[in-house]
Amino acid sequence: MASSHTVLMRLVASAYSIAQKAGTIVRRVIAEGDLGIVEKTCATDLQTKADRLAQMSICSSLARKFPKLTIIGEEDLPFEEVDQELIEDGQWEEILQQPCPSQYSAIKEEDLVVWVDPLDGTKEYTEGLLDNVTVLIGIAYEGKAIAGVINQPYYNYQAGPDAVLGRTIWGVLGLGAFGFQLKEVPAGKHIITTTRSHNNKLVTDCVTAMNPDDVLRVGGAGNKIIQLIEGKASAYVFASPGCKKWDTCAPEVILHAVGGKLTDIHGNALQYNKEVKHMNSAGVLATLRNYDYYASRVPESVKNALVP
């Protein structure tokens with residue numbers, strides 16, 4: 001019976017099923033062949049039919065079940081009646097079996113803010129770099145990211161035509177993160193993951209200062225955090241404005257739940273209350289381990305250029 005579960009765990013269980021539905025929509029749009037691409041602010045800031053449909057699905061499904069939530073989505077969409085086939089009413093039963101961390105057991109629906117990126121890595125999606133794409137649903141309480149769901153619609157897509165596509169990772173602070181195998185970069189290796197399509201001098205200066213053994217340029221904040229938790233990269237460095245709260249909320253939870261750390265370039269925690277500005281103006285620095293090593297190498301010139 002739903003009432004025996006806490007609001008938070010019911011919300012996470014629903015978000016899991018809703019993210020899976022959004023992943024299905026993302027795959028379907030490509031299969032149908034018409035991406036419906038529009039430029040939002042510039043040639044690297046794109047929106048597709050998949051962004052629009054996935055956001056409508058996620059936000060409408062959440063709002064129906066949790067009408068008192070504050071939901072903030074990336075896409076600025078006109079209000080319209082949502083097709084019933086976009087609504088996901090299910091919830092992931094395995095999550096409901098997990099205990100809610102005691103500090104969150106009395107949270108009310110209206111105390112929570114949900115940050116939604118329906119398709120993180122849109123530019124890569126339009127270019128066929130499908131492993132960069134994620135669906136992100138992050139849940140915040142008192143300005144702090146506390147629970148999150150990441151769906152990878154195309155996980156496993158390079159395994160051949162018969163591969164089962166997609167996976168969903170989820171986490172709650174104080175409980176853990178699930179749906180993947182935690183792995184670390186070999187000791188002493190410094191592998192930086194950074195932006196593929198939003199590079200500039202600040203980003204380059206900051207990455208160079210880390211003295212990396214290797215630099216991975218990929219799309220999507222969700223994808224970069226997955227690289228950290230799966231041992232492909234040791235630090236995610238983005239010394240530039242451009243990343244938004246809906247990009248970082250869910251991935252931050254997954255990283256923090258396994259002992260990692262995500263901050264702005266100055267080392268400040270990101271805030272996720274509903275009144276906060278959406279832009280992460282002072283960039284992002286994230287690691288699974290050895291955060292202090294990377295933080296200590298951020299050049300002063302970079303810090304001075306990025307105002308929180």
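**Ground rules**

I am working with a predicted model, so I noted that local features need pLDDT of at least 70 and side-chain atom pairs count only at pLDDT 80 or more, while totals for chains, interfaces and linings use all residues. Residues are numbered from 1 along each chain as its sequence is written, and side-chain values use heavy atoms, with hydrogens and water left out.

**Entry 1: the annotated site**

Which residues does the UniProt annotation "binding site" cover? In the unreviewed entry I found E74, D117, L119, D120 and D247. UniProt positions are given in the numbering used here, feature names are shortened, and annotations may be inferred rather than shown by experiment. I then checked how these residues sit in space: they are spread over 174 residues of sequence, yet they cluster, with a largest C-alpha distance of 9.6 Å. The lining of the largest pocket includes E74, D117, L119, D120 and D247. For my own reference, a pocket is worked out on a 1 Å grid over the protein atoms alone, as an open set of points where a 1.4 Å probe fits, with protein on both sides within 12 Å along at least five of seven lines; lining residues have an atom within 4 Å of a point.

I looked up L119 and found it in strand β4, residues 112-120. Strands (E, at least two residues) and helices (H or I, at least four) are DSSP runs, numbered from the N terminus. Is L119 buried or exposed? L119 counts as buried because its relative accessibility is 1%, where buried means under 20% relative accessible area, exposed over 50% and partly exposed in between, with a 1.4 Å probe and protein chains only. Leaving out residues up to four places away in sequence, L119 touches V26, T48, A50, D51, E74, Y125, V133 and T134; contact means heavy atoms within 4.5 Å.

D120 also belongs to strand β4, and D120 is buried at 5% relative accessible area.

**Entry 2: helix α7**

How many residues of α7 are buried? I noted 11 of 13, so the helix is mostly covered. Among the buried ones are W246, D247 and P251. After α7 comes G259, with a positive phi near 90°.

**Entry 3: aromatic rings**

I counted seven aromatic pairs. Rings of Phe, Tyr and Trp (its six-membered ring) pair if their centres lie within 6.5 Å; planes under 30 degrees apart count as stacked, over 60 as edge-to-face and the rest as tilted. One of the pairs is W115 with W246, tilted, at 6.4 Å centre to centre and 40° between the planes. W115 lies in strand β4 and W246 in helix α7, so this pair ties together parts that are 131 residues apart in sequence. W115 is buried at 0% relative accessible area, and W246 is buried at 7%. Ring pairs link W115, W246 and Y272 into a cluster.

**Entry 4: positive phi outside glycine**

N211 is not a glycine, yet its phi is positive, about 55°. I placed N211 in the loop between α5 (201-209) and β10 (214-218), where N211 is exposed at 51% relative accessible area. N290 has a positive phi near 60° and lies in the loop between β13 (284-287) and α8 (291-296). N290 counts as exposed because its relative accessibility is 56%.

**Entry 5: one last residue**

I ended with T194, in strand β9 (residues 191-195). T194 counts as buried at 0% relative accessibility, and its contacts beyond four places in sequence include V203, V207, V215 and V237.
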